[in-house]
Amino acid sequence: MPRKPMRHRRLMKYQPLTFSPFARQVARVASSCMSNRQMHGPDLPKKSQPNSVGNGSRKNTLKVKNEHSESSDEEEFDGTVQADFAFFDPKPDDFHGVKTLLQTYLDDIEWDLSGFVDLILEQTTVGTVVKIEDDEDNGIFALATALNLGRYKDHKCFMDVKEFLLKVSQAKDVIDDLRSLLGKEAESVGLLVSQRVMNLPPQLLPPLYDALFDEVSWATEDEPTEELRNFFRFKFYIIVSKVYKHKNAHQKKGMSASDEEIIYIKPEDEIFHELSSWSFEFSLHTQQLATRELRDYRQMGLVMAVKADKIPAFRQQLKSFIEGS
């Protein structure tokens, strides 16, 4: 399918993160990966059989390699840096790593995040975590999963998610649609959760999302009961994410010709936004320290509703974007 023309918006430049105990390692490895932007290794198969390894069920392994100059600073890598990023089914040992990634998923509210993480880890048929293979710290660099809103509606964490989304939705033109997806249509709606460290090499994104949506498709055939299979027959996905929006976007004053209204932190969000049936933004209480480039921008929450039949177009556009970047 031809790629739909995109509105001209900037994507967020990759910056090191400081929110987790393994942030320095992430920044070193990912920054080195990004400077070369070359992926080494075979193409991923459409469907791979899990391999039993020490730290879980491995799905695929991707290698990123870069030659790094020598440095006398002990905090820097010397010589050649190679990261073998591996895709795994989620498992209980991933609890703290996944919880760290999701720490600000619902801004700064107090909610049942631990219960939310537990549900993610219990759903092993659909969901992927990304690690560095054979990493002793067992750090989680990315997560992608989809949870059925109807299936988990009675869990406190999903009640918290529903309450949060209804509270932050100030757009009168979408509130009825939002209520419908969270209520009577919930059993056909997937909450698409995709979180990662900012400097994860973008080459990992197409196979990460391919793995997610392939697993959703397989679950509609492979789950042992009709009820379980139906839980993955999504008609809509709800996505909660973050963007940077220009402080003067609404009045257009104070914006230069080169200023963009929205800067996407995650490149796939621009595609989701283009394909969404509706979306709305909301203010965040938690704000990351702004760089000079972002001094005129404010971080905002972004909620999008994407029809499941738009996913093939999303996958193709994401692949084309990453290959062309």
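Here is a short chat about the predicted model shown above.

Visitor: Hi! How many helices and strands are in the protein chain?

Guide: Hello! The protein chain has 9 helices and 12 strands. Keep in mind that this is a predicted model.

Visitor: OK, what is the mean pLDDT of the chain?

Guide: The mean pLDDT is 80, and 73% of the residues reach 70 or more. Over residues 1-55, though, the pLDDT is below 50, although the model gives this stretch 123 contacts beyond near neighbours in sequence.

Visitor: Where else does pLDDT stay under 50?

Guide: Residues 65-75 are a stretch where it stays under 50. For them the model has 28 contacts beyond four places in sequence.

Visitor: Changing topic: what share of the residues is buried?

Guide: Buried residues make up 54% of the 325 in the protein chain.

Visitor: And which residues touch the most other members of the largest nonpolar core?

Guide: Those are L102, F116, L191 and I238, in a core of 88 residues. Helix α6, residues 205-222, gives the most to this core, with 7 residues. Another core lies apart from it and has 6 residues, among them I263, I265, L294 and Y297.

Visitor: Is α3 mostly covered or mostly open, then?

Guide: Mostly covered: 7 of the 10 residues in α3, which spans 113-122, are buried.

Visitor: Which residues are on each side?

Guide: One side has F236, I238, V240, K242, Y244 and H246, while the other has Y237, I239, S241, V243 and K245. In a regular strand, side chains alternate between the two faces of the sheet.

Visitor: Which strands does β9 join up with?

Guide: Strand β8 runs parallel to β9, with 4 bridges, and L191 has I238 as its bridge partner in β9. Strand β12, residues 297-307, runs antiparallel to β9, with 11 bridges; there, V240 is partnered with V303. Strand β10, residues 262-264, is also antiparallel to β9 and has 3 bridges to it. In that pairing, V243 stands opposite Y264.

Visitor: One more: I spotted H273. Where is it?

Guide: H273 is in helix α8, which spans residues 267-275.

Visitor: Why does H273 count as buried?

Guide: H273 counts as buried because its relative accessibility is 11%, and the cut-off for buried is under 20%.

Visitor: What polar contacts does its side chain make?

Guide: The side chain of H273 makes a polar contact with the side chain of Y264 at 2.7 Å, and another with the side chain of S279 at 3.1 Å. Not counting residues up to four places away in sequence, H273 touches I262, Y264, S279, L302 and M304.

How values were computed: Residues are numbered from 1 along each chain as its sequence is written. Side-chain values use heavy atoms; hydrogens and water are left out. Buried means under 20% relative accessible area, exposed over 50%, partly exposed in between (1.4 Å probe, protein chains only). Helices (H or I, at least four residues) and strands (E, at least two) are DSSP runs, numbered from the N terminus. pLDDT is the predictor's confidence in each residue, from 0 to 100. Contact means heavy atoms within 4.5 Å. A nonpolar core is a set of buried Ala, Val, Leu, Ile, Met, Phe, Trp, Tyr and Cys residues joined through side-chain atoms within 4.5 Å. A polar contact is a pair of N or O atoms within 3.5 Å; within protein, one must be able to donate a hydrogen and the other to accept it, and residues adjacent in sequence count only if both atoms are side-chain atoms. Two strands pair if DSSP finds at least two bridges between them.
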